[in-house]
Amino acid sequence: MLHDFIEHAERFNGRRLALVDGDRRMTYAATTARIRRAAGGLQAMGLAPGTHVAVAAENGAFFFEAYFACALAGLVAAPLNIRLSAEEIAFMVRDADCRLFLHDEASAALAPAGMATLSDAAWATLAETAEPLGAPAGPQDPDRLAHICYTGGSTGRPKGVMLTH
């Protein structure tokens, strides 16, 4: 399963450096703890396993945490290309049937109108204070949908490619 990657990395490299994001440096143990708390927070928000979640953010700690927290919570991440227009993003979010739009500060304007959102600032609080998810949520089936990646749309509208664990 996708979330096994981070669990394995923590088990074997817990005190080693995992992420560097600007001045922020985090070990595998600290990163995994944040991911577990964020996954628990997402579940506490009422997001059931199988729910689709859009992720619009630059490469960095927030994106990494969001991606793996979704996997741990049994959610389906839909990472979005933040260089696209708001209209293109709105199409993908609707097409993927996303129920939540996770975004960093730079991508806030890309959130479709009326969409439930969670900013990276709110995420930071969630990842520090939420009750951690103890065990992975949802069926632990390697054929279960893990994320939806969109093609470039060079021959028309982008198409969602569904990838399993």
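**View 1. The largest nonpolar core holds 29 residues.** A nonpolar core here is a set of buried Ala, Val, Leu, Ile, Met, Phe, Trp, Tyr and Cys residues joined through side-chain atoms within 4.5 Å. Buried means under 20% relative accessible area, exposed over 50%, and partly exposed in between (1.4 Å probe, protein chains only). The model is predicted: local features need pLDDT of at least 70, side-chain atom pairs count only at pLDDT 80 or more, and totals for chains, interfaces and linings use all residues. Residues are numbered from 1 along each chain as its sequence is written, and side-chain values use heavy atoms, with hydrogens and water left out. L42, L102 and W123 have the most contacts inside the core. At least two core residues come from each of α2, β3 (52-56), α3 (61-72), β5 (98-103) and α5. Helix α3 gives the most, with eight residues. Helices (H or I, at least four residues) and strands (E, at least two) are DSSP runs, numbered from the N terminus.

**View 2. W123 and its surroundings.** Contact means heavy atoms within 4.5 Å. With neighbours within four places in sequence left aside, W123 touches R34, A38, L42, F62, E65, A66, A69, L102 and L118. A second, separate core has 17 residues, including I89, M92, F101 and I148.

View 3. Buried positions in α2 are T31, T32, R34, I35, R37, A38, A39, G40, G41 and L42. After the helix comes G46, whose phi is positive, near 95 degrees.

**View 4. R36 of α2 is bridged to E7 of α1.** A salt bridge is a side-chain nitrogen of Lys or Arg within 4 Å of a carboxyl oxygen of Asp or Glu. By this rule there are six salt bridges. R36 and E7 meet at 2.6 Å, N to O. Helix α2 covers residues 28-44 and helix α1 residues 4-13; the two partners are 29 residues apart.

**View 5. E128 and R34 form a salt bridge of 2.4 Å, N to O.** E128 lies in helix α5 (residues 120-129) and R34 in helix α2, so the pair ties together parts 94 residues apart in sequence. R34 is buried, at 8% relative accessible area. E128 counts as partly exposed because its relative accessibility is 46%. Salt bridges that share partners join R24, R34, E65 and E128 into one network.

**View 6. R37 is buried yet has no salt bridge.** R37 lies in helix α2. The nearest side chain of opposite charge is E128, 4.0 Å away. Lys and Arg count as positive, Asp and Glu as negative; His and the chain ends are not counted. Leaving aside neighbours within four places in sequence, R37 contacts L126, A127, E128, T129, A130, E131 and P132.

**View 7. D97 pairs with R99 in a salt bridge.** Their closest N and O atoms are 2.9 Å apart. D97 counts as partly exposed because its relative accessibility is 40%.

**View 8. D23 sits in the loop between β1 (17-21) and β2 (24-27).** D23 counts as exposed, at 81% relative accessibility. D23 and G46 are 23 residues apart in sequence. In space, D23 and G46 are 33 Å apart, C-alpha to C-alpha.
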